[in-house]
Amino acid sequence: MYRYFMLAQRLPLIAVLSLLGACAHPRIGTGGGVGETRAGGGGGAPDESCLLATGGVSGRSPIITIGLIDAVDPRHAPVPRNDAERIVFRHLYETPVRIDCEGHVLPELADRWAKDDGGRRWTFRLRDGGQFWDGAPVTAQDLVFGRGGVGYTLGALETRVVTVTFAKEKDDVPPLLADPGLAVTKPAPDSSWPIGTGAYWATSATTTPQEIRARSSRGDTLVFKLAGGGDARDLLDAGVDLLVTRDRALRDYAATLKDVTVVALPWDRTYVYITAEAGGTRFDGLEQAVRAEARRAEGGFWWLDLHACGLGTGAQGSSPPASTGQRRILYSRSDPTARELAGRLAALTHAVATSRAPDDFSSALDGGRDWGYVVALPRMTADVCRSAKDLLPTWPATFTALVDTRPTAIVRRGVARWTVDQDGTVHLAP
């Protein structure tokens, strides 16, 4: 059985940041009546509190540059595995709906929806003119084919009408309709970027090791510049229009620059220590051991109860895997916060912190033969069961919540309007 050690102190905010307070406690908006068709977000225009306050913007620049600190792998699309992929995929791929930081459900690939049968069935109509990057129209079958999940089924009622049927009633628009796993894609001829339906498109011809160029039919371009192994401050000095970081030192450096605004984003990630060892240990003060803005982990964890996913209170499995016998604590090499936490835990428990490449780390976690693992989990997920399948081990484990972290958005003023989704993703405002 999983055991949870939930820590509940909140750190004071840093004065230099402009806090998006409303985004720190997102909520799902209330639904309409039975059979009520809803458009434009289902119940009114969204509050502008999700817009980043970065000064007046008269018009969108034809070229907008976004700095990336992590690597981006098109093979992961449309489900991101790090902060860089989250912001890139968010601009290229569309889910049926999206949820802003205030919990408003907004149209994306679907522009109207209705519920009936007490909320057990929801009907979504795809927007008129929706098409893939290659010009092919998007149909309900494109969304439905090969998709589904625990507790719900998808059906193509008409060419542009999708039905979602649930085992239990849903009073509000189900948040899983905003899950990246439901973004509509199809394979590309060159096997690079999957073909999506978003306003911006990218191919192998527009991608280099240094940057990704995503173009739109309107003629404007998003340029994603990768920091690579260099200093991320170089991206700021080069004048990028947006950079999302978890490094406090980079945040503080940005605060000294002219014409930029530094904005704290929602707490969006919880680091946990996973081990097959019974019981657990309380670790205090770890928020001081990392460079990211961190606080003690707060409760409300989505992995607390997975009965609805058929996983009980934890992942499946009747016995832990055989151990290697070495006291190693593994972490993903690409995650500096995981590295810092693993190093601190290793010092406290007389173990050895060992890195693995991201894909190798996932495989090692699945195997479960090492003594412990430091894993980053999203604080909020649209589809709990998919996240449990993708991110949690299948063997019985003890989970100890360590710290919550949140990123900072560094935004150049007067260039574009940016908004924040419920999961903390920053993207261009419609």
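This is a short tour of a predicted protein model, from its overall make-up down to a few individual residues.

Some ground rules come first. Residues are numbered from 1 along each chain as its sequence is written, side-chain values use heavy atoms, and hydrogens and water are left out. Because the model is predicted, local features need pLDDT of at least 70 and side-chain atom pairs count only at pLDDT 80 or more, while totals for chains, interfaces and linings use all residues.

pLDDT is the predictor's confidence in each residue, from 0 to 100. The protein's mean is 85, and 85% of its residues reach 70 or more. Residues 1-44 sit below 50, although this stretch has 129 contacts in the model beyond near neighbours in sequence (contact means heavy atoms within 4.5 Å). Residues 313-317 are also below 50, with 20 such contacts. Where pLDDT is low, the predicted coordinates should not be read in detail.

**The big picture**

The protein has seven helices and 23 strands; these are DSSP runs, numbered from the N terminus, with helices (H or I) of at least four residues and strands (E) of at least two. Of its 430 residues, 51% are buried, where buried means under 20% relative accessible area, exposed over 50%, and partly exposed in between (1.4 Å probe, protein chains only). Among contacts between residues at least 6 apart in sequence, 72% join residues at least 24 apart.

Now for the inside. A nonpolar core is a set of buried Ala, Val, Leu, Ile, Met, Phe, Trp, Tyr and Cys residues joined through side-chain atoms within 4.5 Å. The largest one has 62 residues, and Leu-52, Val-88, Leu-92, Phe-124, Trp-193, Leu-242 and Trp-418 touch the most other members. Helix H1 (residues 83-92) gives the most to this core, with five residues. Apart from it lies another core of 23 residues, including Trp-302, Leu-311, Leu-330 and Cys-385.

**Helix H7**

Cys-385 turns up again in helix H7 (residues 384-391), where the buried residues are Cys-385, Ser-387 and Ala-388. Looking down the H7 axis, these fall within an arc of 165°, so they line one face of the helix; the arc is that of the directions from the helix axis to the C-beta atoms. Asp-383 caps the N-terminal end of H7, with a side-chain oxygen 3.2 Å from the backbone nitrogen of Cys-385.

| Residue | Strand | Relative accessibility |
|---|---|---|
| His-427 | E23 (residues 426-428) | 3% |
| Gly-372 | E19 (residues 372-378) | 0% |
| Thr-419 | E22 (residues 418-420) | 5% |

His-427 and Thr-419 touch each other. Not counting residues up to four places away in sequence, His-427 also touches Arg-90, His-91, Arg-98, Arg-417, Trp-418 and Asp-421. Its side chain makes a polar contact with the side chain of Asp-421 at 2.9 Å (a pair of N or O atoms within 3.5 Å; within protein, one must be able to donate a hydrogen and the other to accept it, and residues adjacent in sequence count only if both atoms are side-chain atoms). The side chain of Thr-419, meanwhile, reaches the backbone oxygen of Cys-50 at 3.2 Å.

What does Gly-372 touch, leaving aside its neighbours within four places in sequence? The list is Tyr-273, Ile-274, Thr-275, Arg-328, Ile-329 and Leu-330.
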